[in-house]
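Subject: Structure for your review

Dear colleague,

Please find below the structure that I am handing over to you.

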Amino acid sequence: MMLRDLLIKRLLQLLAVAWGVGTLTYILMRALPGDMAYRIAASRYGIDGVDSNAAAMVREELGLDQSGWSAYWQWLGDLMQWNLGNSLVSGLPVVDTLWHMLGHSLLLALTGMLIAALIAIPLGLASAYWGGWLNRLTLTLSTAMHALPVFVIGLLAVVLFALELAWLPVAGFGSAAHLVLPALTLALSLAAISNRVVHTEAQRVFSAPFFEFAQIKGLSPWQAFLRHGVRNISVPVVAFFGVQLITVIEGVVMIESLFSWPGIGHGLAHAIFARDIPLIQGAALTMGVLFVVLNTLVDLACHALDPRAGDPA
Amino acid sequence: MKGIDFTSTRFWGALILLTLCLYAFAAPILSSQDSATQDLSSILRLPDSTRWLGTDHFGRDMWVRLADALQLSLLMAALCVLTSALIGVTLGILAATGPAWADRVLDGMTTVILALPGLVLVLIFAAILPGSFWMLYVAISLVQWIEYFRVTRAITRQVARSPAVQSSRLMGFGALYLVRRHYWPAIAPQLTTIAAFGAANAILMMASLGFVYVGIQPPLAELGLMIVEHFPYYADAPWLLAQPLIALALLVLSCHLLAGRTAR
């Protein structure tokens, strides 16, 4: 697949995200049991503050009095104009809330990925270079860590570092100490698999004829690694990072909920719990768009690292 | 088939999974307790001779509740694997051997579904019908059939071009014969690995949703839900929190081992 085709495919995915999320949340709104307007008004003004006036206002605001199809078109039209409406619970514009949450999510995701790289790359290279017991140890640890869902890793981290040792806060947001456990949790769950990928690719390169030849012609192991190893190892590793993006996003949802980290994942889970439909739509949309954009960046990075490949996917 | 290889990871995976299945389905029969009866005068009890795994914060019997939760997870995994494998393999063969437009339509469908991270898609579906086991089942299967589809399509395409299939066609054998004789034997060995990872993923998804409180609702026993419910009692009853954690980890580990290789 040429790069241009791939970019067109990604653009298509972007549209698909908007349409899919828009349609699903529309169904979600229509599927609320009972009189939707009453239910939404009740969640906004409290169950005692609801009367038929409030319900009528909500009905008009959300277009609930219109027929199914015209309301659906209006719903999608609003979405296309990035008009996401106001939160049903707080009444604030969804877009502002999303920007606020996005910053926190990105901070968590980037820190987590950085720590994951710092763990996985040296560990993978070392276990490939020395092999033996180090390799068996990392394999066992990785398998065990991979069997733990990310929220269980987080929970164990909380129990160990926050409750037993009392080094770090349990949950919340504010100081740098609050970032440590969530980021570490994400990093551990990412590194569990990626250190094995680094290991496999490094082993492949270390035993390749071109690598042996580089050393025979007089390069030191370190020089051979820098000149012939790094780039060859990094192509599949970066490509694998594209596969792992899904782990990052799903991890962020779970970790933010666990640690009450005020990001998009936490926002999404909370909005679903509170049936705050505009916020569900906005949060899901942001995650989908983020996912597609990051995937595109990975595609481009693979293309830049290895221009030989016509097929960066 | 040669004898059983006791050192292989697959053997250990199968052994753990079988033990868990046995426990999940036999435990409620062995015990006289049931999973819903509360006994508020004996909460957070340590295991004893009548309540073999102790009691939870409502005094419910953990031996039976844990078995119930495992049953639910195993059932979800089995249903999702069967459904998504059936749909994925059928559509995969169709895409590889059918008309070109079918291939394009299916390719478009997978692109659309893959545009959203699986968990986010399942979360939205779960929001439409809160607490519904069947909605989760539909949502997880919707995400998972794609993996079977892609593998089946790639393999079938290759096989369809082979001389064996070409000559079968020339001899006038029908589509059903080709599937049974040529495509299925090539696809089948790959399916175990996908199915094992798929089962692990289905279990994880359901537990994740339970954990953020939008999946299966109380008072049903579900592993992820039990973990959040027991967490506040960690200081008084750490063994209570440990039970669903260990069960979930063992369940996922057994599936991963059964897959026969470390992920991807």
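Confidence

Please bear in mind that this is a predicted model. The predictor assigns the complex an ipTM of 0.77 and a pTM of 0.81. Chain A has a mean pLDDT of 79, and 86% of its residues reach 70 or more. For chain B the mean pLDDT is 82, with 89% of its residues at 70 or more. Within chain A, the element with the lowest mean pLDDT (67) is helix α2 (residues 36-45), while α5(A) has the highest (86). Where pLDDT is low, the predicted coordinates should not be read in detail.

Chain B as a whole

Chain B contains nine helices and zero strands. Of its 264 residues, 43% are buried. Among the contacts in chain B with a separation of 6 or more, 66% are between residues 24 or more positions apart.

The 28 residues of α1(A) should span 40 Å at 1.5 Å a residue, and its end C-alpha atoms are 40 Å apart, which agrees. Buried residues of α1(A) include A:Lys9, A:Gln13, A:Gly20 and A:Met29.

The same check can be made on α6(A): at 1.5 Å a residue its 16 residues should span 22 Å, and the 23 Å between its end C-alpha atoms agrees with this. Which residues of α6(A) are buried? They are A:Thr138, A:Ser142 and A:Ala147. Seen down the axis of α6(A), these buried residues fall within an arc of 160°, so they line one face of the helix. An α-helix has 3.6 residues a turn, so residues three or four places apart point the same way. On the other side of α6(A), A:Trp133, A:Arg136, A:Leu137 and A:Thr140 are exposed. The buried residues of α6(A) pack against α5 (94-130) and α8 of chain A, together with α9 (238-259) of chain B.

Two single residues

B:Val143 lies in helix α5 (residues 133-160) of chain B. Is B:Val143 buried or exposed? B:Val143 counts as buried because it has 24 C-beta neighbours inside 10 Å. Leaving aside residues up to four places away in sequence, B:Val143 touches B:Ile113, B:Gly118, B:Leu121 and B:Val122. B:Gly131 is twelve residues from B:Val143 in sequence, and their C-alpha atoms are 19 Å apart in space.

A:Ser260 is found in the loop between α10 and α11 of chain A. With 15 other C-beta atoms within 10 Å, A:Ser260 is partly exposed. Although A:Ser260 is not a glycine, it has a positive phi of about 50°. Most residues other than glycine have a negative phi.

Yours sincerely,
A colleague

How values were computed: Residues numbered from 1 in each chain as written. Chains lettered and ligands numbered in written order. Predicted model: local features only at pLDDT ≥ 70, side-chain atom pairs only at ≥ 80, totals over all residues. Helix = DSSP H or I, 4+ residues; strand = E, 2+ residues; numbered from the N terminus. Buried ≥ 20, exposed ≤ 12 C-beta atoms within 10 Å, placed from the backbone. Contact = placed C-beta atoms within 7 Å. pLDDT = per-residue confidence, 0-100. Expected span 1.5 Å × (residues − 1). Arc of directions from axis to C-beta.
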